[in-house]
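This briefing sets out the computed features of one protein model, grouped by topic. Please read it alongside the sequence and the 3D view.

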Amino acid sequence: MLDPLPAEPAATAAAPPRWVTPEELAARVGDPPGSPVWLAFLGEVFDVTAGARHYGPGGGYHFFAGRDATRAFSTGDFTETGLTANLDGLSDEAMLGLEHWLRFYRNRENGYAFVGWVAGGAFYESEDDESGAATGAPRPNPTNARRAFEEATRRARTARANEEARSATFPACASRWSSKSGGEVFCEDGRGRPRKEVTFSADGKRRARCACFPDDAFSDARQLYPGCAKTATRCATG
């Protein structure tokens with residue numbers, strides 16, 4: 001079970017969270033050297049100047065500075081096309097991976113300060129001003145894209161919990177392979193029946209694994225291995 005996502009840091013008298021315009025964000029890239037470096041992730045702006053050796057000019061992650069390039073954290077596409085906040089088409093598991101990065105940036109031990117939210121960006125709009133260029137105390141309102149991200153991570157966590165529970169009830173098969181006899185799957189307790197278990201994730205992707213079941217039943221979702229009897233405790237896989 002994943003730990004709770006760290007909350008956005010509370011406002012302080014010195015630097016309360018605020019709206020950041022895309023132009024202001026784009027100017028915070030550590031140039032000239034020693035000047036601030038900011039990046040945005042899922043619409044949240046962080047001051048990463050403490051990691052300037054990574055995010056500043058010449059750093060390996062400088063392409064993240066001054067923009068919201070959330071998608072690239074999942075895809076690894078660091079071209080101008082890939083460095084975008086658009087998350088369309090990413091799987092629930094990919095979204096859960098992005099949540100891991102949000103945990104990282106929100107973790108105060110990294111020395112990265114929370115600045116505020118991108119005004120008029122992909123993930124937040126203001127209740128004060130629909131254009132996002134609000135004045136006064138910011139009241140960020142999640143956009144459909146941000147809500148879709150949060151719903152996807154909830155689905156992924158539920159799917160993981162269900163998978164872990166199912167794996168505990170129907171453990172994975174053991175396997176071995178040799179050049180002489182090929183591969184085989186078997187149940188280490190010597191009693192379970194190996195089956196190819198087929199399931200589908202919330203986003204419709206097919207998954208298959210070898211699982212051990214306590215009975216001789218089989219179905220489209222609990223398939224027999226070719227040439228393997230329904231009572232067998234070991235099955236050849238070729």
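Helices (H or I, at least four residues) and strands (E, at least two) are DSSP runs, numbered from the N terminus. On that basis the protein chain holds five helices and 12 strands. This is a predicted model, in which local features need pLDDT of at least 70 and side-chain atom pairs count only at pLDDT 80 or more, while totals for chains, interfaces and linings use all residues. Residues are numbered from 1 along each chain as its sequence is written, and side-chain values use heavy atoms, with hydrogens and water left out.

- Of the 238 residues in the protein chain, 37% are buried; buried means under 20% relative accessible area, exposed over 50%, and partly exposed in between (1.4 Å probe, protein chains only).
- The accessible surface of the protein chain is about 13,200 Å², and carbon and sulfur atoms account for 52% of it; the areas come from the Shrake-Rupley method with a 1.4 Å probe, and for residues only the protein chains shown count as cover.
- Among contacts (heavy atoms within 4.5 Å) with a separation of 6 or more, 57% are between residues 24 or more positions apart.

**Nonpolar cores**

- A nonpolar core is a set of buried Ala, Val, Leu, Ile, Met, Phe, Trp, Tyr and Cys residues joined through side-chain atoms within 4.5 Å.
- The largest core has 30 residues, and Phe-41, Leu-98 and Tyr-105 are among those with the most contacts inside it.
- Strand S2 (38–41), helix H3 (70–75), helix H4 (92–106), strand S4 (113–118) and H5 each contribute at least two residues to this core, and H4 gives the largest share, five residues.
- A second, separate core of nine residues includes Cys-210, Cys-228, Ala-232 and Cys-235.

- Leu-42, in the loop between S2 and strand S3 (44–47), has a positive phi of about 50° although it is not a glycine.
- Most residues other than glycine have a negative phi, and most peptide bonds are trans.
- The backbone nitrogen of Leu-42 is 2.8 Å from a polar atom of the side chain of Thr-70.
- Both partners are buried: Leu-42 has 0% relative accessibility, and Thr-70, in helix H3, has a relative accessible area of 0%.
- Beyond residues up to four places away in sequence, Thr-70 touches Phe-41, Leu-42, Leu-98 and Phe-123, among others.

**Cis peptide bond**

- The peptide bond from Asp-31 to Pro-32 is cis, with omega near 10°.
- Pro-32 is in the loop between helix H1 (22–27) and S2.

**Disulfides**

- Three disulfides are found in the whole structure, a disulfide being a pair of cysteine sulfur atoms within 2.5 Å.
- Counting bonded cysteines along the chain, their pattern is 1-3, 2-4, 5-6.
- Cys-173 is joined to Cys-210 (S to S 2.0 Å); Cys-173 lies in the loop between H5 and strand S7 (174–178) and Cys-210 in strand S10 (residues 206–213), so the pair ties together parts that are 37 residues apart in sequence.
- The sulfur atoms of Cys-187 and Cys-212 are 2.2 Å apart, and the torsion about their S-S bond is about -110°, so this disulfide is left-handed.
- Cys-228 and Cys-235 form a disulfide (S to S 2.0 Å); the torsion about their S-S bond is about -70°, so this disulfide is left-handed.
- Cys-235 is buried at a relative accessible area of 1%, and Cys-228 is buried at 11%.

Technical notes. Polar contact = N/O pair within 3.5 Å; in protein donor to acceptor, adjacent residues only side chain to side chain.
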